[in-house]
Amino acid sequence: MKLGMLINTAKHLGDIVGICGAALARNHQVIIFVMDEGTRLLENDAFASLAELQGVSMSVCDHSAETIGVKTEGLSPKIVCASQFNNAMMNHDADRVIVL
């Protein structure tokens, strides 16, 4: 199963890490798309390091990050700075999507 996670707030870091870990433990793939206030989580190592895990792909809305003032330079190359097209792709490819 592919689990999509749309992260548009910076409020639920513990839940995001926990849900991602639980999904991976069940051999599910996790697709994370980050936008709006959620881009602030990219400044947190616990969140950004999720992109390094086997079975996780992460992309961020570059426009949201720029608007909010979150720097995307120096992020892991596994975090794709992209557009809302990646959000649409996640919604298409995922079997289930949760929004946090």
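The questions and answers below walk through a predicted model of one protein.

Trainee: Which pattern does the protein follow, read along the sequence?
Mentor: Start with the parts. The protein has four helices and five strands. Read along the sequence, they give the pattern β-α-β-α-β-α-β-α-β.

Trainee: What radius of gyration does the protein have, and does it agree or disagree with a compact globule?
Mentor: The C-alpha trace spans about 35 × 25 × 25 Å along its principal axes. For 100 residues, a compact globule would have a radius of gyration near 13 Å. The value for the protein agrees with that: 12 Å.

Trainee: What share of the contacts with a separation of 6 or more comes from residues 24 or more positions apart?
Mentor: Take one pair of residues as a picture. Val34 and Thr9 are 25 residues apart along the chain, and their C-alpha atoms are separated by 8.7 Å. For contacts across the protein, the share from residues 24 or more positions apart is 75%.

Trainee: Is Val34 buried or exposed?
Mentor: Val34 sits in strand β2, residues 29-34. Beyond four places in sequence, Val34 touches Ile7, Thr39, Phe47, Met58, Ser59, Val60 and Cys61. Its relative accessibility is 0%, so Val34 counts as buried.

Trainee: And Asn86, buried or exposed?
Mentor: Asn86 lies in helix α4, residues 84-93. Leaving aside neighbours within four places, Asn86 is in contact with Phe33, Ser59 and Val80. The cut-off for buried is under 20% relative accessible area. Asn86 has 17%, so the answer is buried.

Trainee: How many disulfides does a search of the whole structure find?
Mentor: A disulfide is a covalent bond between the sulfur atoms of two cysteines. The test here is a pair of cysteine sulfur atoms within 2.5 Å. The search of the whole structure finds zero.

Trainee: How far is the nearest cysteine sulfur from that of Cys61?
Mentor: Cys61 is in no disulfide. The nearest cysteine sulfur belongs to Cys81. The distance is 9.8 Å.

Trainee: Which class, buried or partly exposed, does Cys81 fall in?
Mentor: Cys61 has a relative accessible area of 5% and is buried. Cys81 is in no disulfide either. At 37% relative accessibility, Cys81 counts as partly exposed.

Key: Residues numbered from 1 in each chain as written. Predicted model: local features only at pLDDT ≥ 70, side-chain atom pairs only at ≥ 80, totals over all residues. Heavy atoms only, no water. Helix = DSSP H or I, 4+ residues; strand = E, 2+ residues; numbered from the N terminus. Buried < 20%, exposed > 50% of the residue type's maximum accessible area, 1.4 Å probe, protein only. Contact = heavy atoms within 4.5 Å. Rg over C-alpha atoms; globule rule 2.2 N^0.38 Å.
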